[in-house]
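Please take a look at the structure below before reading on. The questions that come after it are meant for someone who is meeting it for the first time.

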Amino acid sequence: MLFGRRKKNPIKIADKGVVEWKYAACGYCSTGCSIEVGLNAEGKPVASRGVADADVNRGKLCLKGIFEHELFTSAGRGTKPLMRARWHDEWRPATWDAALDTLHDEIVRIQAAYGRDSFAIISTGQMLTEEFYTLGKLTRGLIGTNNYDGNTTLCMSSAVSGYKRSFGSDGPPGCYEDFEHTDCLIAWGSNLPEQHPIIYWRLKEAQEKRNFPLIVVDPRVTMLAQNAHMHLPIRPGTDVVLQNALMHVIFKEGLHDQRYIDANTIGVDALRAEVEKYDPVTASKICGIDEDTIRVVARTFAKAEAAMQIWTMGINQSTHGSDGVVGINNLALITGNIGKPGGTSLSITGQCNAMGTREWSSCSGLPNYRLLEVPEHREEVARFWNVDPEFFPKKRGMLQTDIYQAMEAGQIKGIWLIATNPLSSLPNTARIRRAMEKLEFCCVQDCYQDSESAQYAHVFLPAGTWAEKDGVMTNTERRINRVKPVTLPPGEAKPDLWIFNRVAERFNREGRVKFPENAADIFLEMREISRGRLADISGMDHELIERNRGIQWPYTAEQRQRGETPPKGGKRLYTADGTFSFPDGRAKLIPLPFIDNNEVPDEMFPFWLNTGRLIEHWHGRTKTGKIGNNNKFSPIPFIEINPDAAAELGIRRGEYVRLVSRRSDAVAMAMPTQRVPKNMVFLPFHFHDCANRLTLGLLDPYSRQPAYKQSAVRIERIADQAAAAKLSMEMRTF
Ligand SMILES: Nc1nc2c(c(=O)[nH]1)N[C@H]1C(S)=C(S)[C@@H](COP(=O)(O)OP(=O)(O)OC[C@H]3O[C@@H](n4cnc5c(=O)[nH]c(N)nc54)[C@H](O)[C@@H]3O)O[C@H]1N2
Ligand SMILES: Nc1nc2c(c(=O)[nH]1)N[C@H]1C(S)=C(S)[C@@H](COP(=O)(O)OP(=O)(O)OC[C@H]3O[C@@H](n4cnc5c(=O)[nH]c(N)nc54)[C@H](O)[C@@H]3O)O[C@H]1N2
Ligand code: SF4
Ligand SMILES: [Mo]
């Protein structure tokens with residue numbers, strides 16, 4: 001293929017010999033891009049490309065998507081079930097039957113000895129929805145432990161909790177098309193160009209056309225901040241104070257939408273009384289944003305015809321994560337910016353199917369946002385699954401972060417980890433290690449055998465990943481998209497769905513509960529139980545979803561019967577005069593008093609430790625660490641450090657430093673940059689045994705999500721640079 005001017009050095013793209021392209025949605029982030037994987041004549045995946053007529057990405061892919069086909073053959077994949085008697089013994093290859101029998105027998109033994117809830121199951125946001133639904137049915141309907149949760153507690157639980165507190169239910173109201181209608185956008189703690197590059201591209205296109213104000217609240221000069229009209233480098237963990245101050249100005253200057261407030265909300269008097277205390281002068285001393293900037297932002301936001309807010313982990317991962325989300329919703333509600341084109345509060349999700357797990361996994365309740373606490377919901381699902389409603393717990397059990405504390409305390413004796421790697425992703429790893437060592441049994445089900453958490457496993461189940469499997473996923477804007485099997489899992493590895501079905505057989509000998517074998521049939525079952533619910537998908541099927549390159553929920557059977565084609569984009573949850581999910585149909589305005597309970601820098605530990613992500617890597621790098629075109633950008637751990645701070649410490653670019661927190665220490669290379677203020681370092685959390693050795697991770701009281709972005713460290717020069725380099729090289733490989 002030739003591009004560019006024909007006569008002058010045209011760019012040549014190597015011909016990979018693709019003979020067939022197969023459809024899938026991307027398996028990394030929640031943007032939800034449609035991909036085609038190219039197979040050569042031998043049926044080997046050799047290329048990936050964006051799908052041109054998909055509304056989300058319109059032919060584009062980011063650095064991760066474009067090399068995603070390399071996953072299938074990357075190093076470290078699990079190809080055989082493994083077993084051992086103690087976690088520190090050598091692994092022995094096992095048959096699937098032996099491994100699955102052991103998992104079943106250990107669950108039964110532990111539950112009989114210590115009670116039903118003494119066995120925990122931790123899932124993920126990175127499987128397919130049919131897999132989530134099946135695991136939920138198995139866990140809630142047959143195994144019956146209430147200590148069942150997902151890694152989404154590390155990620156989205158503050159958003160979920162904030163939506164529930166404000167609107168009565170989870171479910172992000174907005175969509176990407178809102179960028180095309182908005183007149184002002186505030187982005188809170190979100191670095192779209194690196195973490196959701198294709199959503200960013202949609203935003204940028206809209207922005208270039210109309211140049212609406214883009215305001216970024218982030219303590220770091222992120223790529224998004226570089227492209228913003230205003231950057232508010234907030235003091236970590238104090239977003240709620242800034243939100244209260246913005247509302248203070250809006251009320252004081254009469255810029256609120258009284259008609260919307262009267263028609264659609266309750267609680268405005270208590271909110272006004274609280275924000276009265278946060279005048280811009282007082283607030284600026286806490287949150288570090290000057291009073292005039294606060295006033296300008298408040299006016300710009302409130303006066304815009306339609307104003308939207310997006311946020312990601314800078315808000316969610318905080319001791320005020322849930323409050324920060326409620327604060328965003330408060331701001332949207334008092335200005336009438338919910339459910340209208342360009343006026344919304346849109347949580348940008350994280351993992352490819354974090355939404356699918358929220359909707360269907362039953363981690364926080366029962367399918368499709370049903371609650372364990374509601375007797376009719378328990379009855380309805382029990383009848384549908386053919387189980388005894390009394391078997392369901394009457395309220396939700398522990399969340400993931402509390403489960404680890406219960407392991408430490410000896411209340412939980414066994415765990416099944418599915419597509420999550422807590423030893424790399426939970427805060428304060430030393431504590432997690434202690435908890436894991438106490439377990440009587442641990443099963444790890446992962447597509448990579450070298451995930452850190454497998455160190456503590458007695459049984460390892462090798463799973464397929466992404467387009468080795470069949471099903472659907474839901475993206476940030478509630479769009480359900482198809483993943484089709486492009487190739488088979490390596491060796492004896494099996495799709496997660498196959499594994500759940502084989503475990504289910506062992507708990508369901510008389511076949512009382514039905515577990516359909518293939519994803520299309522499971523989808524039809526989910527469709528039935530979705531009728532009349534918030535996430536009604538009764539009008540969809542696999543084929544229609546693929547044909548439309550994804551369909552946003554709700555899309556009902558009635559809509560389909562009426563001949564309404566699925567919306568191409570732009571579907572919103574609540575309409576301009578919204579009926580919210582509380583019984584009275586009104587949204588709640590909730591006052592948010594602020595108490596600073598974070599670990600803050602002091603003389604011993606003078607730097608903020610801010611942790612987060614890079615465009616080229618995915619979480620613990622089990623995937624991107626093995627793909628050369630991703631890994632080469634940052635193969636070793638490094639910190640962003642302000643050049644003045646580095647100079648004062650006598651640290652030069654490229655030198656290794658030791659970071660020390662109250663928990664432990666870690667080694668990383670110093671990269672001086674003005675991106676961070678003088679009293680902060682930014683450490684990507686992708687590297688083995690690094691960032692989370694240091695983090696404290698205090699928990700949000702509502703969502704139990706850890707504050708990964710607010711800890712304190714000191715930085716020490718390392719005399720023996722050669723030894724540090726060696727250690728760092730060890731960390732780059734698995
Ligand atoms: N390339 C890549 N993309 C990804 C992922 C990945 O691993 N790699 N992971 C996916 C997942 S699961 C998620 S959850 C998302 C995360 O996406 P993002 O949340 O955008 O990414 P992070 O880098 O974790 O954090 C965003 C910003 O929060 C800022 N921040 C820190 N403290 C505060 C604070 O107190 N207030 C405010 N306002 N901001 C603060 C940080 O400086 C950082 O720039 O990305 C998804 N996309
Ligand atoms: N310091 C710090 N820590 C953080 C964060 C932060 O910003 N800072 N962010 C947090 C957030 S938002 C998140 S979402 C978590 C993520 O935390 P984790 O869930 O631990 O993240 P991953 O490394 O993506 O782990 C997923 C595991 O599942 C495996 N896997 C992938 N696909 C499949 C599949 O299809 N089937 C199976 N069986 N296995 C599969 C991968 O190999 C990997 O081992 O990290 C959290 N930890
Ligand atoms: S933006 Fe996200 S969904 Fe799209 S290609 Fe990149 S990683 Fe995949
Ligand atoms: Mo996440």
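What follows is a set of questions and answers about this predicted model, covering cysteines, salt bridges and ligands.

Q: How many disulfides does the count come to?
A: A disulfide needs a pair of cysteine sulfur atoms within 2.5 Å. The sulfur of cysteine 447 is 11 Å from the closest cysteine sulfur, which belongs to cysteine 352, and that is too far for a bond. By this rule the count for the structure is 0 disulfides.

Q: Is cysteine 447 buried or exposed?
A: A residue counts as buried when its relative accessible area is under 20%. Cysteine 447 has a relative accessibility of 11%, so the class that applies to cysteine 447 is buried.

Q: How many salt bridges does a search of the whole structure find?
A: Side chains of opposite charge can pair when their charged atoms come close. For a salt bridge, a side-chain nitrogen of Lys or Arg has to be within 4 Å of a carboxyl oxygen of Asp or Glu. Searching the whole structure in this way gives 55 salt bridges.

Q: How many residues apart in sequence are the parts that aspartate 149 and arginine 396 tie together?
A: The side chains of aspartate 149 and arginine 396 meet in a salt bridge, with an N to O distance of 3.0 Å. Aspartate 149 lies in strand S9, whereas arginine 396 lies in the loop between helix H15 and helix H16, so the pair ties together parts whose separation in sequence is 247 residues.

Q: In which helix does arginine 202 lie?
A: Arginine 202 forms a salt bridge with glutamate 180, at 3.7 Å from N to O. The pair links distant parts of the chain, 22 residues apart, with glutamate 180 in the loop between helix H3 and strand S10 and arginine 202 in helix H5.

Q: What separates glutamate 543 and arginine 547 along helix H21?
A: Glutamate 543 forms a salt bridge with arginine 547, and their closest N and O atoms are 2.9 Å apart. Because the two residues are 4 residues apart in helix H21, the separation between them is about one helical turn.

Q: Is arginine 547 buried or exposed?
A: Glutamate 543 has a relative accessibility of 46% and counts as partly exposed. The exposed class begins over 50%. Arginine 547 is at 53% relative accessibility, so its class is exposed.

Q: How much of the accessible area of ligand 2 does the protein cover?
A: Ligand 2 is surrounded by 33 residues, and the closest are Asn151, Thr420, Ser425, Asp446 and Asp496. An N or O atom in the side chain of threonine 420 is 2.8 Å from an oxygen atom of ligand 2, and a polar side-chain atom of lysine 469 lies 2.9 Å from an oxygen atom of the ligand. Of the 920 Å² of accessible area that ligand 2 has on its own, the protein covers 99%.

Q: Which strand supplies at least two residues of the shell around ligand 1?
A: Ligand 1 has 34 residues around it, and Asp218, Gly237, Met313, Arg613 and His617 come nearest. A polar side-chain atom of aspartate 218 lies 2.7 Å from an oxygen atom of ligand 1, while a backbone N or O atom of methionine 313 lies 2.8 Å from an oxygen atom of the ligand. At least two residues of the shell come from each of helix H4, helix H12 and strand S23.

Note on methods: Residues are numbered from 1 along each chain as its sequence is written. Chains are lettered from A and ligands numbered from 1 in the order in which they are written. This is a predicted model: local features need pLDDT of at least 70, side-chain atom pairs count only at pLDDT 80 or more; totals for chains, interfaces and linings use all residues. Side-chain values use heavy atoms; hydrogens and water are left out. Buried means under 20% relative accessible area, exposed over 50%, partly exposed in between (1.4 Å probe, protein chains only). A residue is near a molecule or strand if one of its heavy atoms lies within 4 Å of it. A polar contact is a pair of N or O atoms within 3.5 Å; within protein, one must be able to donate a hydrogen and the other to accept it, and residues adjacent in sequence count only if both atoms are side-chain atoms. Accessible areas come from the Shrake-Rupley method with a 1.4 Å probe; for residues, only the protein chains shown count as cover.
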